[in-house]
Amino acid sequence: MKSLPIIFCGLFATLALSWAGIIWRGQEQLGGLQPMSEYYAIDAVSESFRFEKPQKDETRNPEARVGLAQQGKAQYIGLGCVSCHTQQVRRKGFGADYERGWGARQTVPRDYIRQERVLTGFSRTGPDLSNVGERRDSANWFHAHLYNPQAVSPGSTMPPYAFLYEKREITQNGERSAKALELPTDEGYEIVPTLRAEALVAYLQSLKLDYNLPEVRLPEEPQN
Amino acid sequence: MPSESKSSEIDRSMKLPGLLFLLSAVAWLLTGTVFALLTSIKSTFPGFLANCECLTYGHISAAGSNSILYGWGGNALFGVGLWILARLGRRPIPMPVMLLIGGVFWNIAVTLGVGGIIIGDMTSVMWLEMPSYATTILAISSILIGVWGTLVYRYRQPGPVYISQLYILAALFWFPWIYITAQIFLFYLPARGVVQVVTNWWYAHNLLGLWLAPAGLGAAYYLIPKILGRPVHSYYLATVGFWSLALFVGWGGMSNLVGGPVPAWLVTVGIVASVATLLPVLIIAINHHLTVMDSFDRVAADPSLRFVVFGTISFTLASLIGCVLSLRSVSEISQFTTVMEGNSQHFVYAFFTMIMFGAFYFMMPRILNCSWPSGKLIQCHFWCSAIGITLMLIALYGSGWIQGTQMTAIGAYGDPVHGDFLQIVQNTIPWLHARTASILLISIGQLAFAANILWMLVEAARSCYCGMIGAAKDAQGEKFLPETAAS
């Protein structure tokens with residue numbers, strides 16, 4: 001096997017096989033997914049979500065992320081938060097994602113179809129963030145944590161993002177900025193989030209797994 | 001001896017491009033190690049350099065991996081690979097200036113890319129973090145270099161073809177393909193939803209398995225028989241090993257998606273492929289290990305061979321561990337922990353990089369026509385690297401396993417046993433200190449390596465300069481000094 005054309009055919013074919021089998025087939029199966037309301041029913045014959053039983057006021061999920069939260073995603077990407085945080089919840093019974101409170105249901109391919117960049121992640125040095133917007137509800141908590149994680153979570157190894165905040169002198173008449181954070185700092189100074197920090201927090205708050213899809217539902221609330 | 005002068009002619013044709021690739025490789029290796037060191041310190045002391053946005057954790061960890069993969073890995077692979085292709089083809093490189101151009105642009109691209117990551121233009125896609133203004137240049141220069149490798153093979157002297165040539169051609173051919181595919185599906189025409197994640201793992205797995213690995217294996221297949229002066233254990237097995245590796249590796253990355261938002265068949269395919277990869281791994285192991293069997297005294301004595309044999313043993317071990325890590329019951333624990341980082345370091349450093357070190361020790365004296373100035377520095381390089389990487393692997397596998405078992409443990413009442421996430425973080429910190437120590441050790445080795453290379457360059461330049469003076473004096477009809485005549 002010395003001839004160049006034969007070698008190249010072999011090299012091409014072996015890689016093409018895995019490309020076709022993985023990416024192309026994946027695209028065939030997942031590339032056409034649409035946002036859906038939870039009221040779609042499964043067509044038993046073709047096993048696809050064919051029949052819609054329309055309901056009043058239904059929303060189709062996942063919804064698109066817009067505005068400030070979308071700008072915040074660019075910050076999340078540019079700062080490389082993905083090096084320590086995942087955004088995917090594994091199914092109950094595989095790992096302990098459910099038990100740790102990282103999400104009430106597993107994430108499925110449809111959850112990601114509206115995202116132009118999918119950040120499922122590869123490392124959990126920090127907790128999973130798929131549902132962090134549900135877990136932590138106040139913007140103040142996020143700001144205080146980003147500004148100095150060790151003050152909020154003692155012993156945390158998350159780096160501080162204080163450079164996203166401005167330390168400003170409080171004006172002469174003692175008027176504080178409306179956005180100033182409730183953080184201890186030097187006398188006569190206040191800490192104000194930049195637009196970048198506000199966008200990032202809006203993004204974190206938008207990370208919620210609080211909707212049903214035809215293929216997965218949140219567990220029913222226990223009745224009491 | 002005509003064959004002798006032949007190989008020196010080949011070495012001369014590779015001198016400039018070879019030096020460009022090898023020296024930039026070493027520069028990137030040192031850069032990447034500095035980034036890795038800072039990253040490791042920050043992972044235990046988050047306040048370290050925290051006010052500098054450029055050096056925030058997310059930036060430098062990506063800058064480190066990209067410097068090592070494309071800066072060190074790419075340059076080393078091109079330099080060593082093309083030289084081996086030319087040597088085995090028994091023909092000088094045609095128009096080596098084209099290789100120089102390709103190499104210059106490759107390095108411009110990596111510089112732009114790593115710089116872009118540092119200033120925050122990163123994409124946050126694993127191992128593809130470089131911004132778009134770097135990636136096009138990277139892709140085009142890799143094609144140019146690949147075409148030149150193909151030409152070297154095409155215009156070889158008639159005669160036997162070796163398995164190394166196949167491996168190196170494959171690496172040169174596969175890289176542009178996987179890289180361009182990944183760029184298109186992730187950035188230019190982004191695929192919908194998790195197809196991006198699938199593409200990312202396909203790429204990342206193949207970057208190691210179909211780019212760095214073939215180059216490392218090809219170099220080992222060249223160096224071991226060459227240095228020992230005996231043929232490969234079985235040529236037939238080597239061919240089977242190559243093609244089965246080509247067939248199975250491409251699918252293996254999917255096992256990393258276990259438990260994730262992808263159809264289960266994809267993960268199953270990945271696991272089956274990872275287990276199937278054992279076949280080529282065993283074949284390669286038999287070939288490499290049996291060829292050096294009963295020559296361990298030579299391995300201990302020869303500077304290149306020591307590194308290469310360390311690398312081939314690491315390839316076998318890293319592949320076996322990688323296969324175990326793909327099984328669902330194991331990956332449930334190891335997924336998302338430093339175990340996975342450990343396994344990629346096992347491939348990138350303990351296998352690929354060590355073999356490349358061996359290849360540098362073999363190749364540099366030949367293209368510079370000079371011998372290594374210091375054996376002590378080589379000793380220091382070897383032991384710091386070998387002990388350092390072993391310590392790093394223990395630290396990463398160890399901390400990851402602790403992290404994974406504690407993160408997934410569920411108590412009798414369905415509650416997490418280690419509910420306090422911060423406690424798990426704390427439990428890994430001693431291991432991460434060990435990683436910092438290991439990187440320090442590794443960088444001492446690298447400094448010894450770099451010092452030896454600089455020293456050798458100075459010697460080579462001096463002897464070249466003396467030669468020139470001698471020739472000039474000769475031309476003026478002066479009687480020149482005997483020692484310059486000798487050099």
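In which crossing, left-handed or right-handed, does α4(A) pass α6(A)? I find a right-handed crossing for α4(A) and α6(A) (right-handed if the near helix is turned clockwise from the far one by less than a right angle, left-handed if anticlockwise).

Housekeeping: this is a predicted model, where local features need pLDDT of at least 70, side-chain atom pairs count only at pLDDT 80 or more, and totals for chains, interfaces and linings use all residues. Residues are numbered from 1 along each chain as its sequence is written, chains are lettered from A and ligands numbered from 1 in the order written, and side-chain values use heavy atoms, without hydrogens and water.

I looked up the packing next: α4(A), residues 139-147, and α6(A), residues 195-206, pack at about 120°, axes 10 Å apart. Helices here are DSSP runs of H or I, at least four residues.

Lys73(A) pairs with Glu116(A), closest N and O atoms 3.9 Å apart. Lys73(A) is in α2 and Glu116(A) in the loop between α2 and α3, so the bridge ties together parts 43 residues apart in sequence. I have Lys73(A) as buried at 2% relative accessibility (buried is under 20%, exposed over 50%, partly exposed in between, 1.4 Å probe, protein chains only). Glu116(A) is partly exposed at 41%.

Last, I noted Asp97(A) with Arg124(A) at 3.0 Å between closest N and O atoms; Asp97(A) and Arg124(A) are both buried.

How values were computed: Axes fitted to C-alpha atoms, helices over the stretch in contact; angles between N-to-C directions. Helix = DSSP H or I, 4+ residues; strand = E, 2+ residues; numbered from the N terminus. Salt bridge = Lys/Arg side-chain N within 4 Å of Asp/Glu carboxyl O.
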